[in-house]
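Hi,

Here is the structure I said I would pass on.

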Amino acid sequence: MPKTSYNMRSKVWPYPGMAAWRFLTLPKRQGQEIRKKFGTYARGWGSLPVSVAIGKTVWNTSIFPDKKSGSYLLPLKAKVRKAENISDHSIVSFALTLG
């Protein structure tokens with residue numbers, strides 16, 4: 001898989017229901033580009049492995065396709081939210097690297 005990085009901004013949103021999950025929806029333009037370039041590398045549930053950086057926090061995770069937005073969802077761990085002082089509905093800048 002070729003290595004490619006994207007710088008993006010998105011709003012944190014809580015998953016509806018009892019779970020404490022929080023997500024960032026990738027901007028549609030970048031999501032479509034990622035699907036076009038990397039879709040053949042998708043794993044279970046269409047996920048793609050990524051490295052993410054927000055502020056000083058860097059971690060490895062996966063992004064997941066989202067039919068509703070036509071893009072991908074990035075799960076945002078509680079540990080990251082706490083370390084970077086991120087709350088629900090905050091606008092977050094982040095770097096996402098595939099490959």
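Let me start at the very end of the chain: Gly 99 has a relative accessibility of 55%, so it counts as exposed, the cut-off being over 50%. Gly 99 sits in the segment after β6. Leaving out residues up to four places away in sequence, Gly 99 touches Met 1, Pro 2 and Lys 3. Ser 69 is another matter: 30 residues separate Ser 69 from Gly 99 in sequence, and their C-alpha atoms are 23 Å apart in space. Before you read too much into any of this, please keep in mind that the model is predicted.

Now the overall layout. There are two helices and six strands, and from the N terminus on they run β-β-α-β-β-β-α-β. The radius of gyration comes out at 13 Å, close to the 13 Å that the globule rule gives for 99 residues, so the protein is as compact as a globular protein of that length. If you want to set up a box, the C-alpha atoms fill one of roughly 35 × 30 × 20 Å along the principal axes. Take the contacts between residues at least 6 apart in sequence: 61% of them join residues at least 24 apart.

Buried residues make up 38% of the 99. As for charges, there are 17 positive and 4 negative ones, and their mean positions lie 3 Å apart.

Next, the inside. In soluble globular proteins, nonpolar side chains tend to be buried together. Here the largest nonpolar core has 22 residues, and those with the most contacts inside it are Leu 26, Ile 34, Ile 54, Ile 63, Phe 94 and Leu 96. At least two residues of this core come from each of β1 (4–14), α1 (28–38), β3 (48–54), β4 (57–66), β5 (71–75) and β6 (91–98).

What does Ile 63 touch, leaving aside its neighbours within four places in sequence? Its contacts are Leu 26, Ile 34, Gly 46, Ser 47, Leu 48, Val 50, Tyr 72, Leu 73, Leu 74 and Leu 96.

Val 50, one of those partners, is in strand β3. With a relative accessible area of 4%, Val 50 is buried, as that is under 20%. The C-alpha atoms of Val 50 and Ile 63 are separated by 6.9 Å, with the two residues 13 apart along the chain. Beyond four places in sequence, Val 50 touches Trp 59, Asn 60, Thr 61, Ser 62, Ile 63, Leu 96, Thr 97 and Leu 98.

Thr 61 belongs to strand β4, and at 18% relative accessibility it counts as buried because the limit is 20%. Again not counting residues up to four places away, Thr 61 touches Leu 48, Pro 49, Val 50, Val 52, Leu 74 and Pro 75.

Finally, two backbone angles to check. Trp 45 has a phi near 60°, a positive value in a residue other than glycine. Trp 45 is found in the loop between α1 and β3 and is exposed, with a relative accessible area of 79%. Asn 85 is not a glycine either, yet its phi is positive at about 55°. Asn 85 lies in the loop between α2 (78–83) and β6, and its relative accessible area of 71% makes it exposed.

Cheers

Key:
Residues are numbered from 1 along each chain as its sequence is written. This is a predicted model: local features need pLDDT of at least 70, side-chain atom pairs count only at pLDDT 80 or more; totals for chains, interfaces and linings use all residues. Side-chain values use heavy atoms; hydrogens and water are left out. A nonpolar core is a set of buried Ala, Val, Leu, Ile, Met, Phe, Trp, Tyr and Cys residues joined through side-chain atoms within 4.5 Å. Buried means under 20% relative accessible area, exposed over 50%, partly exposed in between (1.4 Å probe, protein chains only). Helices (H or I, at least four residues) and strands (E, at least two) are DSSP runs, numbered from the N terminus. Contact means heavy atoms within 4.5 Å. The radius of gyration is taken over C-alpha atoms; the globule rule is 2.2 Å times the number of residues to the power 0.38. Lys and Arg count as positive and Asp and Glu as negative; His and the chain ends are not counted. The place of a charge is taken as NZ of Lys, CZ of Arg, CG of Asp or CD of Glu.
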